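I opened my notebook to look up two things: a ligand and its surroundings, then a single residue. Here is the structure I worked from.

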Amino acid sequence: MPLASYQTSVPVVVDDAKCIADKGCTVCVDVCPLDVLRISDMTNKAYMAYDECWYCMPCEADCPTGAVTVNIPYLLR
Amino acid sequence: MALDQIVDGLSEVSCDVLVIGGGTAGPMAALKAKLKNPKANVVLLEKANVKRSGAISMGMDGLNNAVIPGYATPEQYTKEITIANDGIVDQKAVYKYAQNCYKIIEELDSFGIRFLKNENGDYAVKKVHHIGTYVLPMPNGETVKKALYRQLRRARILISNRYMATRLVKSADGRIAGAISVNTRTAEMLVIKAKAVILCMGAAGRLGLPTSGYMFGTYENAANSGDGYAMAYHAGAALANLECFQINPLIKDYNGPACAYVAGPFGAYTANNEGSRFIECDYWSGQMMLEFYNELLSGKGPVFLQLKHLHPDTISEIESTLHKVERPTRGLFQQGRGVDYRSESIEMHISEIGFCSGHSASGVFVDDNARTTVPGLYAAGDMASVPHNYMLGAFTNGSVAGIDAMEFADNHDFAEFDAADVAMERDRVMAPTKREDGIPPNQIEYKTRRLVNDYLQPPKVTRKYELGMRRLAETREDMQERMIARNAHELLRALEVQSIMDCADMAAHASLYREESRWGLYHWRTDFPEKDNENWFCHTLLSKQDGRMTSEKRAVEPYVVPIADDEKDLYDKQRIRASA
Ligand SMILES: Cc1cc2nc3c(=O)[nH]c(=O)nc-3n(C[C@H](O)[C@H](O)[C@H](O)COP(=O)(O)OP(=O)(O)OC[C@H]3O[C@@H](n4cnc5c(N)ncnc54)[C@H](O)[C@@H]3O)c2cc1C
Ligand code: SF4
Ligand code: SF4
């Protein structure tokens, strides 16, 4: 059966202007318990690749530049 | 090479003691094992990253079950936990915990974790339970993980992050020989030979589906998908009382604790829509949850945590805890809804079901040395059967497990396992990556967990259970024959859903076996509505025998601390008598 891609508005947002992933930082990607953050090949910035978030906060708390904002996932907001 | 791209590889390493799961119990187990024999190799394997993994990833606001001299005695605590669990408790392990936990508090204190003291320098313990006083706030609770991590580094524990354990391996004579794991970002497989293995993989938190429909909006850390229960089962270990589900009273939709243990000592309480109290005590128990459930259905719901009657300064103090540690996004959630605790009560609801001894009484069966029924295999924390463990139980029993496991490793050589077992596991793990076409793991998982809600959630009805098991079996067939994973991350989810399915089967099997009702809402069977002490005052042990799921009874060990007849049902009297 063919697969369709499914639209979802992700809860975690990264401010590209503040993110220093292009200088080698991977802190948020490293600490996330659900392993849902990645560094984009296109922008070299961190982003939420999978909408599988426990809205727990390590990514935001540990980011050295304050680039990450955790929002409550829309379905339970 | 890009993250998540699948690499087909297999390597092997060995160590003396392997600890699986680096949340709460795991770091302590690894540390204690290493301190017991500093020359030995201890590996701590973690699916996520030990720095921020597990239930305490953002720290904790307090200890829920501290037995502190001057406030409580081990005898009193053992009695309370026995009564709260309807008597089905092997007291030896609970008593040992109660005796040892104060030492662990002092040790945590020496790691830099602070516990609340009053002006005299005594611990400021709060009363939340029905009978005794055991709740101890942690003023710098957000630092727990950092403090533990420092100790692990200092002791030179080998940490392997982003490896998900999938199966245990044993020798022909049944002794533990190690574990098989998969890198969650490359799908490469790693076999770890070990003389002793300690399972600390937390609760089965992704069993039921939260009412929000968001699969990862669970009460438990959503990385805890019940892999430990599935691994123990397939290794032939016994699992105790799995029918005693975990069901918690939580902030509706947010699905985290409100948290009555923090706010209760300041004067907050659970109330119905009329603003009246209806339960005697906010300590989480099955009996309390049953009254909560009844209230929701009675027309007097919704149920709220009430704090608006408190002084604004007190509310600010409560907020500063609730919005900083444990589940810090609570504040963001309430803000988004425009709820101010000063003027509005917090709407509460009932969580999805799960397995977790931290809050109930089920889990991989262990004795008072944290030994499972498989030689060389240990378990501690939320997945082991010592009831009402909470965080301090995870630390204390993790410590017991670490020490005993290292002793075992010192006295045994590596056990030999059959290479065919590894080959078979490799086939199982990689199967979803070999298919061109099929069903993605998220759909299999959603359906499985939706079926768990529809059919297995209490009240437990035999006919519904039978139908539910049929539907689950059909979904299992899809999972085994048609599930696809297109990258390593999807493979992680595909492996997790296989654990979830095993846990669902175990939940159903165990629930049908115990033909009575017990533990309030946790095991309320409408076809057997009464407690039946004559036939069911016993543990139930579930295990895999000759490839089949089997349940049997096991007698409750004679009590160390006797319980008087008039004390036995104290937790059954949760509902406040009609007063006005
Ligand atoms: C929201 C919440 C609030 C709580 N509040 C309190 C409180 O205030 N006071 C209190 O005393 N207790 C509290 N508890 C309970 C307490 O936190 C837990 O009982 C305790 O932390 C459990 O420890 P654990 O080691 O068993 O599990 P965890 O700390 O959850 O660790 C399990 C670890 O195993 C890892 N893992 C899972 N599967 C695999 C696999 N296949 N391979 C490798 N690793 C794996 C996970 O990533 C995780 O790191 C709370 C729990 C929750 C969820
Ligand atoms: S932690 Fe912050 S700076 Fe580092 S990669 Fe993530 S968003 Fe960028
Ligand atoms: S909130 Fe938690 S689960 Fe979500 S992205 Fe951040 S660290 Fe990961």
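My entries follow, ligand and then residue.

**Entry 1: around the ligand**

I noted at the start that this is a predicted model. I looked up ligand 1 and found 36 residues around it. The nearest are B:Thr24, B:Ala25, B:Glu46, B:Asp227 and B:Asp382.

Next I sorted the shell by residue type. I got 16 nonpolar, twelve polar and eight charged residues.

**Entry 2: polar atoms at the ligand**

I checked distances to the oxygen atoms of ligand 1. A side-chain N or O atom of B:Glu46 is 2.5 Å from one oxygen atom of the ligand. For B:Asn224, a side-chain N or O atom lies 2.8 Å from a ligand oxygen atom. B:Gly23 uses its backbone: an N or O atom there is 3.4 Å from an oxygen atom of ligand 1.

Then I looked up the area. Ligand 1 taken alone exposes 1000 Å², and the protein buries 99% of that. I also asked which elements give two or more residues to the shell. They are β3 (62–63), β6 (163–170) and α10 (390–410) of chain B.

**Entry 3: B:Asn369**

Where is B:Asn369 found? I placed B:Asn369 in the loop between β14 (363–364) and β15 (377–379) of chain B.

I listed its contacts, leaving aside neighbours within four places in sequence. They are B:Lys96, B:Tyr378, B:Val400, B:Ala401 and B:Asp404. With B:Lys96, the B:Asn369 side chain makes a polar contact, side chain to side chain, at 2.8 Å.

Last, I looked up one C-alpha pair. B:Asn369 and B:Ala405 are 36 residues apart along the chain, and their C-alpha atoms are separated by 9.1 Å.

How values were computed
Residues numbered from 1 in each chain as written. Chains lettered and ligands numbered in written order. Predicted model: local features only at pLDDT ≥ 70, side-chain atom pairs only at ≥ 80, totals over all residues. Heavy atoms only, no water. Near = heavy atom within 4 Å. Polar contact = N/O pair within 3.5 Å; in protein donor to acceptor, adjacent residues only side chain to side chain. Areas by Shrake-Rupley, 256 points an atom, 1.4 Å probe, with all protein chains shown as cover. Helix = DSSP H or I, 4+ residues; strand = E, 2+ residues; numbered from the N terminus. Nonpolar A, V, L, I, M, F, W, Y, C, P; charged D, E, K, R; others polar. Contact = heavy atoms within 4.5 Å.
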